[in-house]
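Thanks, everyone. Let me put the model on the screen, and then we go through it piece by piece.

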Amino acid sequence: MNKESLPEHPWVWRAGADHASQWQTWARDVRAWMSAQGVTVQDTVVLLPQIAHLNAARQAWAQAVGGWLPRFETVGTLIDRLPQVDTPASGEASVLTLDVSIDTLVVAQRLASEASGRAWRQQDAETFRYAVDRLVEVAHAWLKSCLVLSPGEQQLFVAQARDWVQLHGAVVPDLTDAAPGLREQWLTARALAWAIDAAPALAARRSGLFEHRPAAWVALTVGRDLVPGSESALMLALLRHAVGQGVPVCWTPAVVPAFGEGEARIETCPTLYQARDAEDEAQVAAAMVVAAVQAARGQGDRRPVALVAQDRVLTRRVRALLAPLESQGRLLLADESGWKLSTTRAAAAVTRLLAAAQPQASSDDVLDWLISGWVDGGGLGDEAVHALEKRWRQMGLLSPWGSQEPSALWGWAQGVLQPVQALHAQRSTTLRQALDVLAAALRASGIWSRLEADEAGRSVLQALRLQDPEAEEGDGLGRSWVMAAQGTRAGLRDLVQWVQQTLEGATFMPGAPPQPPDVVITPMSRAVLRPFGAVILPGADDGQLGPVPTAGWLAPALARQLSLPEPAQQQRSQWEAFALLACSPGMVALARQVRDGEPVAPSPWLTRWWWVQSGHLLDHSWPAAVDPRCHQDMPLALQARPQAALDVGDALAPQRLSASAYEQLRACPYRYFACSVLGLRALDELEEGLESSDHGTWLHEVLKRYHQERPADLAPAALADDVALWLRQAEAVAQEMGLLSEPQRAYFGPYRVTLPQLAQAYVEWVRAQEAQGWSWEALERRLEWRIALPEAPSHAQVTLYGDLDRVDRHATAQGVQWRVMDYKTGAAQPLKDKVRQPLEDTQLAFYALLAAHEWQDAPQADHSHPMEALYLRVHHSGMEAFEHPDALRSAQALQEGVVSDLSRIWRGHPMQALGEGAVCEHCDVRGLCRKDHWPALTDTPESGT
């Protein structure tokens, strides 16, 4: 069974040597061995580690040897070519299949079928699910190790496992109270027992490999240390079996010789770039990829550049930096690393539907589903979605399920989601039935057709097994799935967990591009021995490259005892792959100096490689690589403060202006350009909990309904009746906004406790105002006024508009007096500060200007009855008014400022990012101006306003 019993013909790789020449050397050596053995070339099977090596091997043979080609195969392609052995299904739902989604259900069912396991699941469901995942992991590791052995070796391997199971699995412990070591030992024995039962049927598909009798076997592996359960381990099992059958075999492990062995010498030195942090490492890696592609094009080299996906997070960042070049057609990428299916937009379309169907789903959950781009909305169009979102956000509606929303779109959405939501209350639904309900909802919402038209979407449908159940039963694996799904109970929570787990465990591999790519993103194990023009390896620090893999459920000693993969074996195999990859011409490694806030050093494997190759150590392991960014047009960082300007007559020139927009213009012209001119803004969050904005929205609606319900001439005579009217409106609005629903009731509770005091204080204030002769004229009224900009080109105009909370009137013998009021619920001090400097208070001056043109002819300060403007702080401790002194004079000054500022904008004056202090601390567009990244400037540009 040992690999040492096989005849070995090492394929020695030289650092820096051309791939084509090394492959040709291998082809000549293999051909010489065939001649010495007297075997027929075309009847010899040559097994290669992966499909990507097939073309390189064929080309090398044709160029270096010529004549007939041997049969170049991988284990997978050979299995597909050989006659398949039909294995009848067991007819039981308890057989493992090596499919994680199926076997997770199978293991859960079998573990819960025992009394102790069932009690454990009821007492601690989370730990039970964790144990199920680990049991599947152990069973699969044993099965993979078993299935790469020859039939005779499998018998010995199974016998060894049976002995261990009999020794450690005879006594069933109480899983709820057993010591962790005893419980895990028994669970491991159960996993092995189930795996032993499944092994014969799974091994039948590979039996044709050992029955095949070519003229000779040749196997090429990456290094000598092979991980049990890998396809390379299966290659050696085939060779060992063939030796017993008298068939000539040749094992050619690709190796890097140590210094002094053979012709070990360094022809081209790999280099190392030490980055400051993760962002610097990603930017330099992206620049190196671009530089390598440009150099290859300049030399007419059609070989792609390899970007090794050693650090998955860093690789995604590099991919994002390269995305603009890819979208412009300047760079063609092929991604062989794949990514979790759960991270695709197609998977998000399914999980968003499930999130929206939850009984406790928030309005944001439903809106996320509706605006995802995968939902057809019942043909009502995007306008209906935007209108619904605007209404819910204006209302502050946190949970839509308890509301009486009259929207046709929400009615359609409820019809789609309610069958899924109904699974929450069902206890006898099987997983298969729950998936049928999910499939029906996907079809009704229009998501299904979009999934079928999307590459990742088809993978999602396949992973979740949402196809026709009859088609599922077409093969043994499908029958096993159907039986397992029909035997598993699943409510809505169980369905969500299974979907998330399945999508998280599945990998999406995009299809190959139609043309040869410029860049191939691939893991290190797939990059070895391939003819790349250059190799870029980010993540070469001691935290990513070379650390021992985690042992998982099994301790290393137990894994060794069961002949399962152990961390040390995996580390040795990874080292051999890295050593071969480092021999590639144009190899560049990148390592950062800080990872997760902690200092890190370059991987010790870099130093080890130099020692193996040269017999001595350099001062810094590898020679330093050059940062190519200074030689490229890749502007990845800001160098100056941004500014924006409009051409005369630009379509983006402001046509409408609100109080908040003008306040933005005065505070920071750049923020005004981003938010008001370009229309960029952050959506109001509808999160669990009650924010001050939610409370303000509720209070405004309560006050509006209260006054509309009791006009001044019909006000209740008794104070108690008036307060009761206020409280009724408060409860009704809270109910409509979902503030009294189960998830939000606790957050609204503190406000609800003070409602009687708030109602009493407000009603007393209103009645006192009415006693003085004041009455409301307008509530939540939008006003507009169009003014000319005489200094702007073509005599442009702009419309001022605003939503006034309340306007009061007071009729006297001298005429009518007007009062503009804005409700506030925050602290008193900021309001005092605002009115203390009237010319700095934009809001009340703006509202006074609009109100003066609505109810007076012009904002003239010499009116006999001037316009009043005040902030009214509505609080349960009492009403408090903060009057803006001489509001009309401030309104007149504001009008002049609006005309001057907007005229300059129309004339093309730049708007620079000049905000300071609190203006920047609470800015939604700070990520656009990137003020934190500005370089130190000695000269401050003049303001553009």
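Leu 98 is partly exposed, at a relative accessible area of 30%. The cut-offs here: buried is under 20% relative accessible area, exposed is over 50%, and partly exposed lies in between, with a 1.4 Å probe and protein chains only. Leu 98 has a positive phi of about 70°, and it is not a glycine. For background, most residues other than glycine have a negative phi. Where does Leu 98 lie? In the loop between helix 3 (75–81) and helix 4. Helices (H or I, at least four residues) and strands (E, at least two) are DSSP runs, numbered from the N terminus.

A word on the source. This is a predicted model; local features need pLDDT of at least 70, side-chain atom pairs count only at pLDDT 80 or more, and totals for chains, interfaces and linings use all residues. Residues are numbered from 1 along each chain as its sequence is written, and side-chain values use heavy atoms, with hydrogens and water left out.

Glu 780 also has a positive phi, near 45°, in a residue other than glycine. Glu 780 sits in strand 18 (residues 774–788). Its relative accessibility is 29%, so Glu 780 counts as partly exposed.

Next, a helix pair. Helix 4 (residues 100–112) and helix 6 (residues 125–147) have axes that come within 9 Å and cross at roughly 120°. Axes are lines fitted to C-alpha atoms, for helices over the stretch in contact, and angles run from 0 to 180 degrees between N-to-C directions. Who meets whom? From helix 4, the contact residues include Val 100, Asp 103 and Leu 111; from helix 6, they include Phe 128, Asp 133 and His 140. Contact means heavy atoms within 4.5 Å. The residues of this contact divide into nine nonpolar, two polar and two charged. Nonpolar covers Ala, Val, Leu, Ile, Met, Phe, Trp, Tyr, Cys and Pro; charged covers Asp, Glu, Lys and Arg; the others, Gly among them, are polar.

Six strands form an open sheet in the order 6-13-12-7-11-8, with parallel pairing. Two strands pair if DSSP finds at least two bridges between them. Strand 6 (271–275) and strand 8 (333–335) stand at the edges with a single partner strand each, so one side of each has no neighbour in the sheet. Neighbouring strands are turned by 20° against each other on average, direction ignored.

Strand 6 pairs with strand 13 (residues 587–592) in the parallel sense, over five bridges. Thr 271 has Val 588 in strand 13 as its bridge partner. Helix 12 (residues 312–327) packs on the sheet, touching strand 7 (305–308), strand 8, strand 11 (519–522) and strand 13. The direction of helix 12 makes about 150° with that of strand 8.

Are the faces of strand 7 buried or exposed? Both are covered: Val 305 and Leu 307 on one side, Ala 306 and Val 308 on the other, all buried. Strand 7 runs parallel to strand 11, joined by four bridges. Val 308 stands opposite Thr 522 there. Strand 7 also pairs with strand 12 (residues 534–537), in the parallel sense, over three bridges. Leu 307 has Ile 536 as its bridge partner in strand 12.

Last stop, helix 17 (residues 431–445). Its buried residues include Leu 431, Arg 432, Leu 438 and Ser 445. Just after helix 17, Gly 446 takes a positive phi of about 85°.
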